[in-house]
Amino acid sequence: MAAQKLRAQESATSNIIVFAHNSIHDKESFFKRSAFHQFATPTCDTAVIVKVTSQLAEQIYQTGIRYYKAGIGLLEISTATPYQPDIFTPSADQPELMKCLDQINSKYGRDTLHLARQGIQQNFKMKRELLSPRYTTRIEDIPVFECS
């Protein structure tokens, strides 16, 4: 999703950080780790970002830890268009493939196509029954008071 957002705003990232930690209230010990990667050339290619993210996640993963939070951060975001490439470090980006991926996903729905590294099923789902009412954005959520 992050790479798709970069492409939508015609941006690219130069650095990525992957982090994971357990709860600070964990009885054994607090575990917090992060890993950082600087791309040779700025990128917005999903395949490049996922490959690096997988490598960084393997570096920080430790068995036996009950993770509370994990995520990635894209750093040094810049515009992708006026970029002067380095002739000694060719970009691994495939803009035509990413354009095709974005068009299909926008036409048929998010995650219609995705990389094989993302897996087939996602086990995590937000608990929708715990959502707060949206009083300011949905007319159905505005409380109705009846006078008797």
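How many aromatic pairs does the structure hold? The structure holds 2 aromatic pairs, where rings of Phe, Tyr and Trp (its six-membered ring) pair if their centres lie within 6.5 Å. This is a predicted model, in which local features need pLDDT of at least 70 and side-chain atom pairs count only at pLDDT 80 or more, while totals for chains, interfaces and linings use all residues. Residues are numbered from 1 along each chain as its sequence is written, and side-chain values use heavy atoms, with hydrogens and water left out.

**Overall architecture**

- The protein chain has 3 helices and 3 strands; helices (H or I, at least four residues) and strands (E, at least two) are DSSP runs, numbered from the N terminus.
- Along the sequence, these elements follow the pattern α-β-β-α-β-α.
- The protein chain has 148 residues, of which 24% count as buried; buried means under 20% relative accessible area, exposed over 50%, and partly exposed in between (1.4 Å probe, protein chains only).
- Of the contacts in the protein chain between residues at least 6 apart in sequence, 70% join residues at least 24 apart, a contact being heavy atoms within 4.5 Å.

**Aromatic pairs**

- The ring centres of F31 and Y67 are 5.8 Å apart and the ring planes stand at 75 degrees, so this pair is edge-to-face; planes under 30 degrees apart count as stacked, over 60 as edge-to-face and the rest as tilted.
- F31 belongs to the loop between β1 (11-21) and β2 (32-43), and Y67 to the loop between α2 (46-60) and β3 (69-79), so the pair ties together parts that are 36 residues apart in sequence.
- F31 is buried at 8% relative accessibility, whereas Y67 is partly exposed at 29%.
- Ring pairs join F31, Y61 and Y67 into a cluster.

**The sheet**

- Three strands form an open sheet in the order β2-β1-β3, with antiparallel pairing; two strands pair if DSSP finds at least two bridges between them.
- Because β2 and β3 stand at the edges with a single partner strand each, one side of each is left without a neighbour in the sheet.
- From one strand to the next, the twist averages 15 degrees; axes are lines fitted to C-alpha atoms, for helices over the stretch in contact, and angles run from 0 to 180 degrees between N-to-C directions.
- The antiparallel pairing of β1 and β3 extends over 10 bridges, and G71 in β3 is the bridge partner of F19.

**Helix α2**

- α2 packs on the sheet and touches β1, β2 and β3, its direction making about 155 degrees with that of β2.
- With 15 residues, α2 reaches 21 Å from its first C-alpha to its last, close to the 21 Å expected at 1.5 Å a residue; the expected span is 1.5 Å times one less than the number of residues.
- Buried residues of α2 include V48, I49, V52 and L56, and what covers the buried residues includes α1, β1, β2, β3 and α3 (95-108).
- D45 caps the N-terminal end of α2, with a side-chain oxygen 2.8 Å from the backbone nitrogen of A47.

**Positive phi angles**

- Most residues other than glycine have a negative phi.
- E10, in the loop between α1 (2-8) and β1, has a positive phi of about 55 degrees although it is not a glycine, and E10 is exposed at 51% relative accessible area.
- E76 lies in strand β3 and has a positive phi near 50 degrees; at 52% relative accessibility, E76 counts as exposed.

Definitions and conventions: A polar contact is a pair of N or O atoms within 3.5 Å; within protein, one must be able to donate a hydrogen and the other to accept it, and residues adjacent in sequence count only if both atoms are side-chain atoms.
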